[in-house]
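Thanks for making time. I will go through a few pieces of this model, chain by chain, and keep to the geometry.

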Amino acid sequence: MNDKAEWSDARLLGAVADGDRRALEVVYERHAPWLLLRLSRRCADQAVVDEAVQDTFVAVWRTAGKWNGKGDAAAWIWGIGIRRLLDLLRRRPLVVSPAYEQIMVSAEEQVLLGVEYGDLGRALDGLSPELRAVVQATVLDGLTTREAGKLLGIPTGTVKTRMMRAKALLREALA
Amino acid sequence: MSVVVEGLTKAYGRRGHALDGLSFTAGVGVNGLLGPNGAGKTTLIRLLATVLTPDGGTMRLLGRDPATERSAIRRRLGYLPQEPGYHRGFTVFEFVDYVAILKEMADRRARHDEVRRVIDAVGLADVSGKKIRALSGGMRRRVGIAQALLGEPELVLLDEPTAGLDPEERLRFRELISRIGENRTVILSTHQIEDVAALCARVVVLKDGRSAFEGTPKELRALAKGRTWLWEKKAGLLSWRTGEGVFRSIGDPPEGARLVEPTIEDAYLLLLGEGALAAAG
Amino acid sequence: MTWHMDGGLATRYADGDLDATLAASVEAHLLACARCRGLLAPQAPRARLDRLWDEIAEAVDSPVPGPFERLLRLVGVRDHTARLLGAAYSLHLSWISAGALALLFAVLAARETTGWGLVGFLALAPIVPVAGVGLAYGRGADPAYEIGLAAPYSAFKVVLMRAAAVLVTSALPALVIGFALLGQSWTVAAWLLPALALTSLSLVLSRWFEPAHCALAVSILWLAGIAGTNLREPSLAMFSTVGQLGYLTITVVSGVLLVARRKEFS
């Protein structure tokens, strides 16, 4: 129906920054599904996830000009999405999402290729849920220590110490 | 018939009459309004838009009398003026939304849905967030058409929507206007004769505030049948040298002239030319 | 990159059936792989995505109101009415503040000399709303004027609403400036009735002429009257009780004329 479906993310975001509504629609078609699914794994409340997804793409519309064009646009969109979710959760009385208690962690692509069956996977499995949640929030979701602290409902200092403990345990397990 | 006009007169300043006893009817489809500048096209469109009130004669628009049921007519009317203005700082969406408010669409959500629909219909969805001042002339004209489509009007008045557009844009407008005319009455004022030939079911030729012709484009063309010819010399009412070096003329042919198939333009010029001669005589 | 999801993995991820480690792999991979993101697209609930898109489109399209419009909404004006009012240039904050500033300078400049300052202020204060109303509608002030004429929304209503909005917003700063800089006496409000009389008169006239021209003509008339009564020394003759009664009469008569002839207004 429209040739913009073939455009690269970078070109689309450039057009969005220029006020192109159709380009935003294509970006949405491309990125909303995975964002919705991934955010759903962070928060069980559908209404909150919906709002976060909405906010994310409205923010993409308003700030597409600020995307620096480096790296994958998906990472940028995820960064907005997880922070929106965080903001929304913060406003709610019940902060910590249950999903965080059991989800796992990975670092970078190369490491992850081996995670499933490798030593790192076993090492991560060996971490306590609290330590795993910290590693996940900072490494996988790309949050800062402060944001991770707010999300998990613990002070920034605690995030840092737990992170150090987690690293030490992982090093030990992999040694 | 959606538009029935009889003996319409409208004085124009001190210069005399913009309309001087005009009668015509128009129904569903695209109705072309042809005429030279000053023939009263814009005055007629503004009368039909209920912006002006006539000095004499009768009008029935969508079966109603504009003198007593103006609001009811306006609710079913779309109007693109000859030189529509646009608020400088408005985006396309904001402008169309503003007109939608003037069209009494109070419910915000429903109004926005309708605004999106008409912006989509004229192919401007891509730029609906852009400021109007950043758009090309053709796109601005499409914004004008979009607002005229708000609320599914039964009567759409377009005053020279293709003037000043480049050929490609004009072709796109033809497609758009013919689509609009599929299920409603469109009155299209223009001096692009090819537009009339291409899309109008009926055509009215205005001349000096009166109707000089009313019928189908085919009937208009037939007026020039047997009165369009090629010859070596300049002759007839109007004559011009063609690229092949012979003269193409309209009017009463002399002996030995080679008759050719007329175009709508020939017929239109013939109509205007004859009148001009009569006025001079 | 050699590792990719397959359809089965995508379904299991979407359904939340993956164990934590594998899910983490998937998520890290997703950020870098458009193909695998595409695999997830059919897994997301379509109706929900469409509904969300409608909301996003609405948020993105919705006109962003300017400061004046926000102010109007704050005091309870409905959003479409605020839009109609806010579209008038002379209702933009810049215009109103310019009018207030002009008054302020008039007052400051003339405050020293006794009497003249007050007369100057009282003479200028009604001009601000008259000018604002003159520039609030009409062919010259409203680019979409012609389209508006053919719209069912009553042009008369638009004119009156804008005039009222201009009057209120421009009268407020004038009142504040008057009381703050020229003392507490009610004399400093003596321009209120003249302002009403002049604006309503120019509204009546705009049935025949361009609103901006009407405002100009009425203002000149007013200033001529002031000049005529102040030839030698500052005089408040134009603001006497008789004068005020006269302004009241003009206002009432103009109001009646406006309402009676509202049909002819568009």
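In this predicted model, start with two helices of chain C: helix 6, residues 79-86, and helix 11, residues 155-182, pack with their axes 9 Å apart and at an angle of about 75°. Since angles of 65 to 115 degrees count as roughly perpendicular, helix 6 of chain C and helix 11 of chain C are therefore roughly perpendicular to each other.

Which residues of the two helices meet? Helix 6 of chain C brings C:T81, C:L84 and C:L85. From helix 11 of chain C come C:V158, C:M161, C:R162 and C:A165. By class, the residues of this contact are five nonpolar, one polar and one charged.

Next, the sheet in chain B. It is an open sheet of six strands, in the order 5-6-7-3-8-9, and the pairing is mixed. Which strands stand at the edges? They are strand 5, 77-80, and strand 9, 210-215, of chain B. Each has a single partner strand, so one side of each is left without a neighbour in the sheet. On average, neighbouring strands of this sheet are turned by 15° against each other, with direction ignored.

Take the end of the sheet at strand 9. Strand 8 of chain B, residues 202-207, runs antiparallel to strand 9 of chain B, and five bridges join the two. One of the bridge pairs is B:K207 with B:R210, the latter in strand 9 of chain B.

Helix 1 of chain B, residues 41-48, touches strand 3 (29-34), strand 6 (155-159), strand 7 (185-190) and strand 8 of chain B. The direction of helix 1 makes about 155° with that of strand 7 of chain B. Helix 6 of chain B, residues 167-180, touches strand 3, strand 6 and strand 7 of chain B. For helix 6 of chain B, the angle with the direction of strand 7 is about 145°.

On confidence in chain B: the mean pLDDT is 88, and 96% of the residues reach 70 or more. Over residues 277-281 of chain B, pLDDT stays under 50. For that stretch the model has one contact beyond four places in sequence.

Last, chain A. The domain assignment divides chain A into domain 1, 3-90, and domain 2, 99-174. How many residues does each domain give to the contact? Domain 1 of chain A gives nine residues and domain 2 of chain A gives eight. On the domain 1 side, the residues that touch domain 2 divide into five nonpolar, one polar and three charged.

Technical notes: Residues are numbered from 1 along each chain as its sequence is written. Chains are lettered from A and ligands numbered from 1 in the order in which they are written. This is a predicted model: local features need pLDDT of at least 70, side-chain atom pairs count only at pLDDT 80 or more; totals for chains, interfaces and linings use all residues. Axes are lines fitted to C-alpha atoms, for helices over the stretch in contact, and angles run from 0 to 180 degrees between N-to-C directions. Helices (H or I, at least four residues) and strands (E, at least two) are DSSP runs, numbered from the N terminus. Angles under 35 degrees count as roughly parallel, over 145 as roughly antiparallel, 65 to 115 as roughly perpendicular and the rest as oblique. Two residues are in contact if their C-beta atoms, placed from the backbone, lie within 7 Å. Ala, Val, Leu, Ile, Met, Phe, Trp, Tyr, Cys and Pro count as nonpolar, Asp, Glu, Lys and Arg as charged, and the others, Gly among them, as polar. Two strands pair if DSSP finds at least two bridges between them. Domain bounds come from an automatic or database domain assignment. pLDDT is the predictor's confidence in each residue, from 0 to 100.
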